[in-house]
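Let's take a friendly walk through a protein model, one feature at a time. Please have a look at the picture before reading on.

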Amino acid sequence: MTISHAPPGPSGSGLPGTSAASEPIVRPPEPPELVPIVPVSARRARVPRWLRRTSGPLLLLALWQLLGVTGVLAPDVLAPPGTIARVGAGLVADGSLPNAMGVSLQRVAAGLLTGAVIGTGLALVSGLFRVGEDLVDASVQMLRTVPFVGLIPLFIIWFGIGEAPKIAIITLGVSFPLYLNVYAGIRGVDSRLIEAGESLGLSRWGLVRHVVLPGALPGAMTGLRYSLGIAWLALVFAEQINADAGIGFLMVQARDFLRTDVIVVCLIVYAFLGLLADFIVRSLERLLLQWRPTFTGR
């Protein structure tokens, strides 16, 4: 028996008598057009952020100048910004303001360093060990409720009227915010992270180094920012103790001679130094806490 096969059609489709023209051409669907997604916060940011941040102080200065020029604020009560700028330039030119800033910065640095060592050390002892908490925490909580300004007479009796009582006041003011925030940061570490570290075979020091301290670092940076603000506040009181140099000394002299313009210059310098210190800590915080994603506002 012979089996014959029909030849394929002209289109090569395998069907006899079919043509390519009779078949519908199926084209693949076109890909959708991609539209870039722009966050709402980015679409709203029409004005540069540095301009928005400086607009508030600039408007305040303009209002202050306007009130001074129109006579609403008398010059002997509060001099206008123009007068303040001229007085500040004169203090810089004769060298009194740079010298005072240098002395005050040395006092703040010494008190901040001493207070940071004491506050952080006590927080580590109290936060890492239950025995340390029982021995340290109650005493610290009791002492921190005592206003450090009220201890100035005792510091004068104990340390005299030199640099020691000034640095002691700053140290006392700095220690407690650092203690509270570092202690809270240590005790705020998730216990599940501790259990995970133990299951991976980390030693006690390994847990402290790789789990506890990184978890407490955000709280420590917050405490450092609080401590810097209190350090400048404590410096104002400290430099009232028979000071012969520093920004507080300039303020005392200006008070005796009723120079409100010089007092305002000193207050502006305090504010500028505090803002500069806060900027340094915030930059350090962004550098050390890059691993922690946080909400930055909308």
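## A leucine to start with

Does L154 count as buried, partly exposed or exposed? Keep in mind that this is a predicted model. L154 counts as partly exposed because its relative accessibility is 36%, and the partly exposed class runs between the buried limit of 20% and the exposed limit of 50%.

You can find L154 in helix α6, which covers residues 152-159. If you look for P165, 11 residues away along the chain, its C-alpha atom is separated from that of L154 by 9.1 Å.

## The whole chain

Now zoom out. The protein chain contains 11 helices and zero strands, so a walk along the sequence reads α-α-α-α-α-α-α-α-α-α-α. Of its 298 residues, 31% are buried. The accessible surface comes to about 19600 Å², and carbon and sulfur atoms account for 68% of that surface.

Among contacts with a separation of 6 or more, 69% are between residues 24 or more positions apart.

Helix α4 spans residues 96-128 and includes G102. This glycine counts as partly exposed because its relative accessibility is 28%. In sequence, G102 and A245 are 143 residues apart, yet in space their C-alpha atoms are 9.5 Å apart.

## A helix with a bend

Helix α9 runs over residues 204-238, a total of 35 residues. A straight helix would reach 51 Å at 1.5 Å a residue, but the end C-alpha atoms of α9 are only 42 Å apart. Where does α9 bend? The bend is at L217 and comes to about 40°, with a proline, P218, following within four residues.

In soluble globular proteins, nonpolar side chains tend to be buried together. The largest nonpolar core in this model has 50 residues, and I169, W232, I247 and V265 have the most contacts inside it. Which helices each supply at least two residues of this core? They are α3 (81-93), α4, α5 (130-144), α6, α7 (163-187), α9, α10 (247-256) and α11 (260-288). Helix α7 gives the largest share, with 11 residues.

To finish, find W232 in the picture. Setting aside neighbours within four places in sequence, W232 is in contact with L105, V108, Y270, L273, G274 and A277.

Note on methods: Residues are numbered from 1 along each chain as its sequence is written. This is a predicted model: local features need pLDDT of at least 70, side-chain atom pairs count only at pLDDT 80 or more; totals for chains, interfaces and linings use all residues. Side-chain values use heavy atoms; hydrogens and water are left out. Buried means under 20% relative accessible area, exposed over 50%, partly exposed in between (1.4 Å probe, protein chains only). Contact means heavy atoms within 4.5 Å. Accessible areas come from the Shrake-Rupley method with a 1.4 Å probe; for residues, only the protein chains shown count as cover. The expected span of a helix is 1.5 Å times one less than its number of residues. The bend at a residue is the angle between axes fitted to the seven residues ending there and the seven starting there. A nonpolar core is a set of buried Ala, Val, Leu, Ile, Met, Phe, Trp, Tyr and Cys residues joined through side-chain atoms within 4.5 Å.
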